[in-house]
Amino acid sequence: MEMPQIDGRMEGWLYTIRHNRFGLQFSRKRYFVLHDNNLTSFKSVPSDQNEEPDRRASLDCCIRVTDNGRESFHRKILFIFTLYNTSNHLDQLKLGASSPEEAAKWIRSLQDASQKKFPFPDCEFVSHAEKGLVKFNVSRRSRRKNSVDWTNYSSVNVETIAPDVIAPSPWKIFGCQNGLRLFKEAKDWDSRGRHWDDHPAIMAVGVIDGTSEDIFNTLMSLGPLRSEWDFCFYKGSVVEHLDGHTDIVNIQLYSDWLPWLMNRRDVLLRRYWRREEDGTYVILCHSVYHKKCPPTKGYVRACLKSGGYVVTPVNKGKQSLVKHMVAIDWRSWNLYMRPSSERSITIRVVERLAALREMFKAKQGHGFAEFVSGEFMQTKFSLSKINTLPFKKEAKRIDLELVKVEEMEKPSSARNSLMDLNDASDEFFDVPEPNESYEFDSLIENSPFSQGHSQLKLPSPSGIVKKLQDLANNKKGYMDLQEVGMDVNSTFIYGATLQQDPNLTMPCSWSIADPSTFLIRGDNYLNDQQKVKANGTMMQMVGADWISSDKREDDLGGRLGGLVQEFGAKGGPEFFFIVNMQVPGSAMISLALYYMLKTPLEEHPLLHSFVNGDDAYRNSRFKLIPHISKGSWIVKQSVGKKACLVGHALEVRYTRGKNYLELDIDVGSSTVARGVTNLVLGYLNNLVIEMAFLIQANTAEELPELLLGTCRLNYLDVSKSLKER
């Protein structure tokens, strides 16, 4: 569906996603108009600008928009995003677009609109702590003369293109075949100085005449279209839909292209995808075990260590640079299957990219884009089997991005809210669909990927030492996060539960990363858009925590007996900045990093403004630059090397203490971040992770930027985290 962007407005058809009285989701088609910071909806295309909308919301800087990925509604594939009130999460609106590009444009436009400071005729903007994110006006909508240029959407965030980390490429070219450049991955060493993986990745790179969106849809398809380019593919199915960005798929391979006497192979994959700001699509896969899809008779299940695609638009979006990476253990015991033979099979797999390129050439101008967007996907389980699921169990299922139907029906306050855009009377009215076909993923019951485990116990100091010595014995590429418990009770000091290792040799430790690895805005950034190497940090890293718990562990800096409180009791000038990253799962994992400023806070104006500012200001300024310096390419690709405004992507709770500011970051608040984190955790004890933190400088007076601090995390292991009671 086309989205006109005229006279500072963005408008088009979207779907509202709601629950009915039985707790089941349904969608309704509505025409939405975003003008300045006013979001209005209609049941048909408005005839003129003065037509009264059915529903209306006004957005302020406290709005949050989250990307929920792909979902299926009555044979329609929709790309979902949610608007919600940061002060009241029951006040939310869930919308769906018919394509990922549409969804991305709406998300960016809504985020930008919420940051604009438009005057209201009837009320004023207030701080986050006082009221919620939306102000509603029941009067007729006003058409202001000042407007936002939404047509500049594509250039909104130019920083998304170039990386912010200086690091060598992990790839080395070794050949060219069928018009594709072929690369192999340079091996990294594990925590004991050995190669952690005996199956290095092979990558093919080529340019395809097609948009990144069409290529993405083609690569995600498991239907008939795949047989037109993927000569390895026999049939595939979706085993389970985990969330909008992650699913479990089973793919069976043809045997014709395999060596003689080699049995047929299949793979069971966890597949994750996301769209970058510049229109790049990333699809990442790795092998998993799933109880609903055991090994099939007649097939040998290969182990995909890592695989996927990166599709980047080039030539103004008319073409795409496509990278296809595969690292796979074919699980063959035959003597003829030497490493060179396995490598030649893997090279044949990545050559599928040439077939994809030729198919796009052949299909140009023949309605190919419409066919791609409308193709149905096959699934492993029939709808009749789904319908046999117990209703009570289905009704109790809760998605992180959804609100229970009974909560949705409760008014959050006396004033109107985003929920008013979800009128109950709309349940039985929908806009008729044109005669279009849509891709279809069968819905099946969501079940936890891993079942419950025994509770972790706190170790004694001697137990910790023993566990650290045994760390290298764990060679699994994908570990169960809660499979190893810890023994006896003990006490520990907050800020000192993860040990420091300046020599960079000890596993499960921290040290300080080299600041010059990271690029930040220089003195003349506003004129030349150039970044420069950082040459130091404002603060000193003095400690770290690595804790698991059955709940969120907020405000670690305020805990008695901790590092921060010990300094506070002495009454010194030291000020602490704490970054507490919280990863949800069967247990909540907290990684807290402690930075200390020895000089008075007032001597650093930008930091002083951040510490004493409101949450909206903090969310718009705090940046994280990630870097995987050692580890598999799939983790490096998923994490990236680009600075991120954390408060725009994740929920952050700020705690201001007497001598500290703590940022409690909920990694589980975004489906995209959850997908990346789940992948990282699977490889965690084979990774060296580096990070830098800073406050973004937006004016000439604030430039140049200065890093707050850096850290380097060496081969962390969740089983070595300390259990908080």
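Biologist: Before we start, what should I know about the numbering and the model?

Modeller: Residues are numbered from 1 along each chain as its sequence is written, and side-chain values use heavy atoms, with hydrogens and water left out. The model is predicted, so local features need pLDDT of at least 70 and side-chain atom pairs count only at pLDDT 80 or more, while totals for chains, interfaces and linings use all residues.

Biologist: Let's begin with helices. How many residues does helix α16 have, and what span should they give?

Modeller: Here is the general idea: an α-helix has 3.6 residues a turn, so residues three or four places apart point the same way. Helices here are DSSP runs of H or I with at least four residues, strands are runs of E with at least two, and both are numbered from the N terminus. The expected span is 1.5 Å times one less than the number of residues. Helix α16 covers residues 671-682, and its 12 residues should span 16 Å; the end C-alpha atoms are 17 Å apart, which agrees. Helix α1 (residues 100-115) has 16 residues and reaches 23 Å from first C-alpha to last, close to the expected 22 Å.

Biologist: Is α16 enclosed or open, and why?

Modeller: Buried means under 20% relative accessible area, exposed means over 50%, and partly exposed is in between, using a 1.4 Å probe and protein chains only. In α16, 11 of the 12 residues are buried, so this helix is largely enclosed by the rest of the structure. Among the buried ones are R674, G675 and L679. For α1, 14 of the 16 residues are buried, so that helix is largely enclosed too.

Biologist: Which residue caps the N-terminal end of α16?

Modeller: For this you need polar contacts: pairs of N or O atoms within 3.5 Å, where, within protein, one must be able to donate a hydrogen and the other to accept it, and residues adjacent in sequence count only if both atoms are side-chain atoms. The cap on α16 is S670, with a side-chain oxygen 3.2 Å from the backbone nitrogen of V672.

Biologist: On to strands. In which sense do β1 and β2 pair?

Modeller: Strands of a sheet pair through backbone hydrogen bonds, either parallel or antiparallel. We say two strands pair if DSSP finds at least two bridges between them. Here β1 and β2 (residues 25-35) are antiparallel, with 11 bridges. One to find on screen: G12 has F32 of β2 as its bridge partner. The hairpin has five residues between these strands, and G23 takes a positive phi near 85 degrees there.

Biologist: Which residues of β1 point each way?

Modeller: R9, E11, W13, Y15, I17 and H19 point one way, M10, G12, L14, T16 and R18 the other, and all are buried. Strand β6 (residues 76-85) is mostly covered as well, with 10 of its 10 residues buried. It pairs with β5 (residues 63-73) in the antiparallel sense over 10 bridges, and S72 has I77 as its partner in β6.

Biologist: What is the order of strands in the six-stranded open sheet?

Modeller: Follow β19-β20-β31-β30-β26-β27; the pairing is mixed. The edge strands, β19 (499-500) and β27 (644-645), each pair on one side only. The β19 and β20 (residues 509-511) pairing is parallel, over two bridges.

Biologist: How many residues are in the largest nonpolar core?

Modeller: In soluble globular proteins, nonpolar side chains tend to be buried together. A nonpolar core is a set of buried Ala, Val, Leu, Ile, Met, Phe, Trp, Tyr and Cys residues joined through side-chain atoms within 4.5 Å. The largest one has 69 residues, and those with the most contacts inside it include F577, L593 and L713. Helix α16 gives the most to this core, with six residues.
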